[in-house]
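Please look over the sequence and the model below before reading on.

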Amino acid sequence: MKWLGPIAPIASPRRGAGLMIWGIVTNKNRVPPRRLEFVRSRFALTRRRSVDEIIGLMMATPDLRSSVRALPMPKLVVAGAHDLWPLAAHQRFARDIDADFRAYATGHSPSETTPHQLTADLLDLYARARG
């Protein structure tokens, strides 16, 4: 779905959501059968308006990087190495907000596919926050 990124600025939220859904349910990313079955069933149970609104919010998100950077707490950005968005974008965001960055050998949903690694990194983050 990486090709959708350049289209996003000119698409409406509904059209962007439609393209994303189409790409996912038709398996343009060539995910394994069980993953495809899961995402298809998730979309079958999700209201289309909800997906449209989520995409709309993502398209209109204000830039709060400097405010987040100023927060006096440790921060962590995680991503799958094979995410929908380029890994460099996640790394740049982490630098912009002064956060640690972890990339896992997975796709878009590390909490689903690498929960143990993510949990270990979150526990480390929480321990550093307690200081």
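Asparagine 27 sits in the loop between H2 and H3, and its phi is near 60°, a positive value in a residue other than glycine. Aspartate 98 likewise is not a glycine and has a positive phi of about 60°; its place is the loop between helix H6 (87-96) and strand E2 (100-104). Helices here are DSSP runs of H or I with at least four residues, strands are runs of E with at least two, and both are numbered from the N terminus.

The model is predicted, with local features needing pLDDT of at least 70 and side-chain atom pairs counting only at pLDDT 80 or more, while totals for chains, interfaces and linings use all residues. Residues are numbered from 1 along each chain as its sequence is written, and side-chain values use heavy atoms, with hydrogens and water left out.

The protein chain has eight helices and two strands, and from the N terminus on its elements run α-α-α-α-α-β-α-β-α-α. Taken along the principal axes, the box filled by its C-alpha atoms is roughly 45 × 35 × 25 Å.

Two packed helices are described by the angle between their axes and the distance between the axes. Axes are lines fitted to C-alpha atoms, for helices over the stretch in contact, and angles run from 0 to 180 degrees between N-to-C directions. The axes of H2 (residues 13-25) and H4 (residues 48-59) come within 8 Å and cross at roughly 115°. That makes H2 roughly perpendicular to H4, a term that covers angles of 65 to 115 degrees. Where H2 meets H3, the axes lie 9 Å apart and the packing angle is about 145°.

The table sets out the residues in contact (heavy atoms within 4.5 Å).

| Pair | Residues in H2 | Residues in the partner |
|---|---|---|
| H2 and H4 | Pro13, Arg14, Gly16, Ala17, Gly18, Met20, Ile21 | Arg48, Val51, Asp52, Ile55, Gly56, Met59 |
| H2 and H3 | Met20, Ile21, Ile24, Val25 | Leu36, Val39, Arg40, Phe43 |

By class, the contact of H2 with H3 holds seven nonpolar, no polar and one charged residue; Ala, Val, Leu, Ile, Met, Phe, Trp, Tyr, Cys and Pro count as nonpolar, Asp, Glu, Lys and Arg as charged, and the others, Gly among them, as polar.

The second largest pocket holds about 690 Å³ of space. A pocket is an open set of points on a 1 Å grid where a 1.4 Å probe fits, with protein on both sides within 12 Å along at least five of seven lines, and lining residues have an atom within 4 Å of a point. Of the 29 residues that line the second largest pocket, Ile24, Arg35, Arg42, Leu84 and His108 are the closest to its centre. H3 (33-44) is one of the helices that supply at least two residues of this lining, and H3 gives the most, with five residues.

Methods: Parallel < 35°, antiparallel > 145°, perpendicular 65-115°, else oblique. Points joined across faces, edges and corners; volume = space filled by probe spheres on them.
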